[in-house]
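Open the model in your viewer and keep the sequence panel beside it. The stops below say what to select and what is found there.

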Amino acid sequence: MALHYRTCGFVIKKNDTGECGRIFTIFTQNFGKIKVLGRAIRKITSKLKSNIDVVSLSEIEFIQGKVYKTLTDAIILEKFEGIKNNLEKLRIAYKINESIDNLIKGEEKDEKVFSLLKKTYSRLNDLELDSKQLRLLYFYFIWNFFYLLGYKPQLYKCANCQKRLVPGFFYFSPKEGGVVCRICFKDNKEARRINSDVIKTLRIILKREWNILSKLKIPPFSQKLLKDITND
């Protein structure tokens, strides 16, 4: 007799398979990122079709097959209409989902990442955010996501020589794992020049001070620098 497993999770991706099937990538509370096959779920008569979709939180039940986990039940818990009815918010949600799908490879429970995702989705859904705040919310998620995966950037000392940062020119090096000073930059041509606004913003982000972050007035040039090092 097959064992039935039950959990809740955010549906981050879906791919059609066969004539009527669909494979859902779900970041769950109890099992981490999993892929679940919904057999015949694209049929009009499917009872599960309306209870599971991308950018939603569902309670699911599945059994473990030889190749795929097979979906046996689904209950929609949150549709996040505030996200789905706003194109800019939806774009941010898809970027968040893509980041999780790309950076988390195996099935491993991670309650801290699940909690971060849940809080981010709630803010994205419920709050009235302007374009600048939406971008900051994405940065808030992605840098804290990096941190939870074990990639906390060095923002208080030079990541290379470990000397305390002093006012002047700063550079960010993904290779070194944080900010490098002007002297160490000479040996690291891949580092990107940044300013104190970016360092200040990242420090607030990693302290998880969203109320302060959402009210920050960051110049457009500094926003671009933050976007560039995030992409790096």
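## First stop: Thr7

Select Thr7, which counts as buried because its relative accessibility is 4%; buried means under 20% relative accessible area, exposed over 50% and partly exposed in between, with a 1.4 Å probe and protein chains only. This is a predicted model, in which local features need pLDDT of at least 70 and side-chain atom pairs count only at pLDDT 80 or more, while totals for chains, interfaces and linings use all residues. Residues are numbered from 1 along each chain as its sequence is written, and side-chain values use heavy atoms, with hydrogens and water left out.

Thr7 belongs to strand E1 (residues 4-17). Helices (H or I, at least four residues) and strands (E, at least two) are DSSP runs, numbered from the N terminus. Leaving aside residues up to four places away in sequence, Thr7 touches Thr28, Gln29, Asn30, Phe31, Ser58, Glu59, Ile60 and Phe62, where contact means heavy atoms within 4.5 Å.

Go to Thr25 in strand E2 (residues 21-28). Thr25 is buried because its relative accessibility is 2%. Its contacts, not counting residues up to four places away in sequence, include Phe10, Lys33 and Asp101.

Asp101 is also one of the buried residues of H2, as are Leu90, Ile96 and Ile100. Select the whole of helix H2 (residues 87-103): its 17 residues should span 24 Å at 1.5 Å a residue, and its end C-alpha atoms are 24 Å apart, which agrees. The expected span is 1.5 Å times one less than the number of residues. The cover over the buried residues of H2 includes E1, E2, strand E3 (32-38), helix H1 (81-84), helix H3 (111-126) and H4.

Val55 is buried, with a relative accessible area of 1%.

Then move to Gln162, in the loop between H4 and E6. Gln162 is not a glycine either, and has a positive phi of about 70°. With a relative accessible area of 43%, Gln162 is partly exposed.

## Cysteines

How many disulfides does the structure hold? It holds 0, a disulfide being a pair of cysteine sulfur atoms within 2.5 Å. Cys181 is in no disulfide, and the nearest cysteine sulfur, that of Cys184, is 3.7 Å away. Cys181 counts as buried, at 18% relative accessibility. Cys8 is buried too, at 17%.

## Helix H8

Select helix H8 (residues 220-231), which has 12 residues and reaches 17 Å from its first C-alpha to its last, close to the 16 Å expected at 1.5 Å a residue. Its buried residues include Leu225, Leu226 and Ile229. What do the buried residues of H8 pack against? They pack against helix H4 (131-148), strand E6 (170-173), strand E8 (192-194) and helix H6 (196-206).

## Zoom out

Show the whole protein, which has 8 helices and 8 strands. Its C-alpha trace spans about 65 × 40 × 25 Å along the principal axes. Of its 232 residues, 47% are buried. Among contacts between residues at least 6 apart in sequence, 58% join residues at least 24 apart.
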